[in-house]
Amino acid sequence: VTGLEVSATGGVECMLAEGRQLLSLDAGLLSNTALKDDRPGADRQGWRLGLTWQLQLGAGALRTQVNYARLNDDEGYSLLLAGGAKRRLHNRFLKIQYSRALQPDLDLLINLSHQGQSSNITPFENQGTALDIGLSLNF
């Protein structure tokens, strides 16, 4: 463990279309304090924003989630990377999920998700897409 992260988040949520749709928005501030003096980048500060929309479709539900976050280092990350620049991260996440109850305690889940991270320091850039199909057992 190299840091202690604290966040303050608030949001709103409302039901639409006679309860068949749910829309929520949340936002927050992030602070990650280095627990060791020699951690690259030292402390980090940032914020995040999230939007969720859910639609009831018969016996199932379609849920879409979009998140964006930005995190900045307080000090240069490393002299070996980008000349010691302070690292800036931009995280994007999209998830589309379909869920349907198969039995009272058993749900079918289909998830399509995509995440991406851009940075002013190239080795911290990445992206990926995943498709997951599975069962959820509630007990």
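In this predicted model, arginine 87 lies over the face of phenylalanine 124, at 4.5 Å from the ring centre. Phenylalanine 124 has a relative accessible area of 18% and is therefore buried, since buried means under 20%.

The structure holds two aromatic pairs. A pair of aromatic rings is described by the distance of the centres and the angle of the planes. The table sets out these values.

| Pair | Distance of centres | Angle of planes | Kind |
|---|---|---|---|
| tryptophan 47 and tyrosine 68 | 5.3 Å | 45° | tilted |
| tyrosine 77 and phenylalanine 124 | 4.9 Å | 75° | edge-to-face |

Tryptophan 47 in strand β3 and tyrosine 68 in strand β4 are 21 residues apart, and their pair links distant parts of the chain. Tryptophan 47 counts as partly exposed at 36% relative accessibility, and tyrosine 68 counts as partly exposed at 26%. In the other pair, tyrosine 77 lies in the loop between β4 and β5, whereas phenylalanine 124 lies in the loop between β6 and β7, so the pair ties together parts that are 47 residues apart in sequence.

Strand β3 covers residues 44-57, and 14 bridges join β3 to strand β4 (residues 60-76), the two running antiparallel.

Leaving aside residues up to four places away in sequence, threonine 52 touches Leu22, Leu23, Ser24, Arg63, Thr64 and Gln65.

Key. Residues are numbered from 1 along each chain as its sequence is written. This is a predicted model: local features need pLDDT of at least 70, side-chain atom pairs count only at pLDDT 80 or more; totals for chains, interfaces and linings use all residues. Side-chain values use heavy atoms; hydrogens and water are left out. Helices (H or I, at least four residues) and strands (E, at least two) are DSSP runs, numbered from the N terminus. Contact means heavy atoms within 4.5 Å. Two strands pair if DSSP finds at least two bridges between them. Rings of Phe, Tyr and Trp (its six-membered ring) pair if their centres lie within 6.5 Å; planes under 30 degrees apart count as stacked, over 60 as edge-to-face and the rest as tilted. Buried means under 20% relative accessible area, exposed over 50%, partly exposed in between (1.4 Å probe, protein chains only). A charge sits over a ring if NZ of Lys or CZ of Arg is within 6 Å of the ring centre and within 35 degrees of the ring normal.
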